[in-house]
Amino acid sequence: MSLKGNAAVLTKPFNFEILEYPVPKVEFGGILIEVSASAICGSDLHAWRGERKMKGGIILGHELTGRIHTLGAGVSTDYLGKSLSIGDRVIFTYFSPCHRCYQCIRGKFTDCPSNFNLRKTIEEYPYCTGGFADYYYIRPGAFVFKVESHLTDDAITSINCALATVMSAIERSNMNTGDTVVIQGVGALGLYATLYARERGAGTIITIDGQENRLELSKKCGADHTININNIKDEFERIKIVKELSGSSNGADVVIEVAGVPQVINEGLEMLRLGGTFVEVGNIIPESNVNVDFNRILHGIKYVVPASFYEPWLLPIGVKLIERTKDKYPIANIISHNFKLNEINDAFNFSEWSRDGGTDVIRSVVMPK
Ligand SMILES: [Zn+2]
Ligand SMILES: [Zn+2]
C-alpha cells in the first residue's frame, strides 16, 4: 500500500482543509522528509489572501525543516560531504536550480528560471511541495545540508527562507565594516537582517517600522536607532534623521527594503548617500508599482540590487550564526508562536492580525507532529 500523508491544502483564499494526499515515489537525486516545523512566511500570507493565481489546491509553506524519510537513489551525502541516513535532520534550499542552464553554468543558482517552479497542486506529482504537511519532497537539484546542532526544530526552521534571504541581501549590498545600514520593516526578515548586519560589522543600524514592540525587539537584535513611522509621520523628516545619524557620509551606505510595500522605495532611495546601495527584498507580489525618477538614481549615484532567492552556501553559515548568537539576541522571540497542523487556519489568522499590530507574533510555526 502506498504511503499517504495529511496536508493543510489551500483550496480557496482564506481556507485550508486537512486532506490526505499520496506521498510520491522518490526520484534519483530526490529526498522525502517528514516535516518537523514549517514557518509562515510573508509570501504564504500573500498566497492565502489570493494575491497569486491558483490552478488548484496547493500546500503552502517553504520555510521548513524535517527528518529524512526516504533517500532517492544516488544520494548518500549532503552538499558538504556529510553522510545522510534515514532520520537525519536537514535544511535545504526551497528552490531547486536545474544545474543545466545559462545562469546555472555561471554559478548563479539564484537566477535559474527553474527556481520559480516551486509549487505544484496536490493533483500533480510530486504532490507534497509545501511544508504545511506531514511530508515534503526535496526535489533533485535542491541544496541539502545535515543539521547536527542542539538547536530546536523551530529555531532552525526560518533559516532556509527568512534568514538566508536577508544574509544574501546584505552580502549583495557589499556592506563594509562601519557602514550605516537602514532596515525598512522589522518583521522576521528585518530582525534577522539587523542581527546579521550587526554580526558582519555594521557601524550604525537604523530600523524603521510602525510597531513599537518590533522596534524594541530590533534594538535587542543590534539596532542603534529606531524610527517609528507613527511618531514621525513625515517621510522627509525621517530622511533628515537618517542623514543626521549617518554623520559625515550624509546618508546611509546601505538600505534594505523588507517592509514589502512599494510606498517605502523612494524614501529608502533618498536615505542613501551618493554611491549607496538599495537592496530590494520585500515587494514579492506582482503590481508592486512605484514611480521612480531615474535621474535621481543616475545623478544620486544609487545602486539598486534585487535579492530574490539566496546563495546555497549561506545555509550552513546561517545554522552556525544562530548557534553562536542564540543567547546574544532574542532569536526565540522571532519564532514566537507554535501551532499544530489542524490549527492552521488560526495560525494564519493570527499572523495576519499581527500585521496590524493586533498581536506580538513575529513568525508562527506549524509543527505537524
Ligand atoms: Zn519565504
Ligand atoms: Zn538553471
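A residue counts as buried if 20 or more other C-beta atoms lie within 10 Å of its own. In this predicted model, that criterion applies to A188, L189, G190, L191, Y192, A193, T194, L195, Y196 and A197 of helix α5. Across the protein chain, buried residues make up 48% of the 369 residues.

**Overall form**
- The protein chain contains twelve helices and 16 strands.
- Along the principal axes, its C-alpha atoms fill a box of roughly 70 × 45 × 40 Å.
- A compact globule of 369 residues would have a radius of gyration near 21 Å, and the 20 Å of the protein chain agrees with this.
- Of the contacts between residues at least 6 apart in sequence, 72% join residues at least 24 apart.

- The domain assignment divides the protein chain into domain 1 (4-148 + 330-366) and domain 2 (163-306).
- The C-alpha centres of domain 1 and domain 2 are 28 Å apart.
- Contact between the domains involves twelve residues of domain 1 and eleven residues of domain 2.
- On the side of domain 1 that touches domain 2, α1 (42-48) and α11 (331-334) each supply at least two residues; α1 gives the most, with three residues.
- By class, this side of domain 1 has three nonpolar, five polar and four charged residues.

**The largest nonpolar core**
- The largest nonpolar core has 107 residues, of which I59, V166, V181, Y192, A193 and I256 touch the most other members.
- Helix α4 (residues 159-172) provides the largest share of this core, nine residues.
- Domain 1 and domain 2 each contribute at least three residues to this core.
- Leaving aside residues up to four places away in sequence, I59 touches A7, A8, V9, I122, C128, T129, G130, F132 and A133.

**Helix α5**
- Helix α5 covers residues 188-199, and at 1.5 Å a residue its twelve residues should span 16 Å; the end C-alpha atoms are 17 Å apart, which agrees.
- The expected span is 1.5 Å times one less than the number of residues.
- Ten of the twelve residues of α5 are buried, so this helix is largely enclosed by the rest of the structure.
- Two of these buried residues, Y192 and A193, are also among the core members that touch the most others.
- Just after α5, G201 takes a positive phi of about 100°.

Key
Residues numbered from 1 in each chain as written. Chains lettered and ligands numbered in written order. Predicted model: local features only at pLDDT ≥ 70, side-chain atom pairs only at ≥ 80, totals over all residues. Helix = DSSP H or I, 4+ residues; strand = E, 2+ residues; numbered from the N terminus. Domains from an automatic or database assignment. Contact = placed C-beta atoms within 7 Å. Nonpolar A, V, L, I, M, F, W, Y, C, P; charged D, E, K, R; others polar. Rg over C-alpha atoms; globule rule 2.2 N^0.38 Å. Core = buried A, V, L, I, M, F, W, Y, C linked by C-beta atoms within 7 Å.
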